[in-house]
Amino acid sequence: MSDPARESLLPLGHGTGTDTSAVAAALKERTSCILAGGQTSAQNGSKVQTQFILALCFSFLFMIVEVVGGYFANSLAIMTDAAHLLSDVGGFAVAIFAAHYAAKRSQQSHTFG
């Protein structure tokens with residue numbers, strides 16, 4: 001019985017009827033994650049950091065607009081939604097911090113990367 005999820009990871013022309021050496025060679029050729037669209041980990045990491053920074057900026061800007069709008073509209077609901085966005089901004093900031101430190105190489109004093 002074949003596994004459709006595993007077959008989708010193989011290059012075209014490699015089905016379940018091929019020998020294992022051809023499948024192993026095809027999998028060795030892969031140098032990047034399939035989900036990353038063929039990008040290397042360095043390209044994908046910088047793209048992710050850029051997306052997190054954009055999300056942080058847009059969320060922060062929208063939060064400021066909601067605070068000002070809630071103040072002028074005398075709406076506590078809009079201002080509490082802005083407070084909820086503040087927690088989202090904090091989450092994005094933590095994600096940017098984690099992505100930055102995850103991309104660092106290991107050093108003599110810090111052997112983890």
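Before you click, note that the model is predicted, so local features need pLDDT of at least 70 and side-chain atom pairs count only at pLDDT 80 or more, while totals for chains, interfaces and linings use all residues. Residues are numbered from 1 along each chain as its sequence is written, and side-chain values use heavy atoms, with hydrogens and water left out.

**Stop one: the patch.** Select Phe-60, Ile-64, Val-67, Val-68, Tyr-71, Phe-72, Leu-76 and Met-79, and you have a nonpolar surface patch of about 820 Å². Patch residues have over 30% relative accessible area and no salt bridge, and nonpolar side chains are joined within 5 Å. A salt bridge here is a side-chain nitrogen of Lys or Arg within 4 Å of a carboxyl oxygen of Asp or Glu. Areas come from the Shrake-Rupley method with a 1.4 Å probe.

Now colour helices H3 (41-72) and H4 (76-102): each supplies at least two patch residues, with H3 giving the most, six. Helices are DSSP runs (H or I) of at least four residues, numbered from the N terminus.

**Stop two: Val-67.** Pick this residue in H3. Val-67 counts as partly exposed because its relative accessibility is 35% (buried is under 20%, exposed over 50%, partly exposed in between).

**Stop three: the H3-H4 loop.** Go to Asn-74 in this loop; Asn-74 is exposed at 72% relative accessible area, and has a positive phi of about 55 degrees despite not being a glycine. Then select Ser-75, also placed between H3 and H4 but buried at 17%. The Ser-75 side chain reaches the backbone nitrogen of Ile-78 at 3.3 Å.

Key. Patch = residues over 30% accessible without salt bridge, like charges linked within 9 Å, V, L, I, M, F, W, Y side chains within 5 Å. Buried < 20%, exposed > 50% of the residue type's maximum accessible area, 1.4 Å probe, protein only. Polar contact = N/O pair within 3.5 Å; in protein donor to acceptor, adjacent residues only side chain to side chain.
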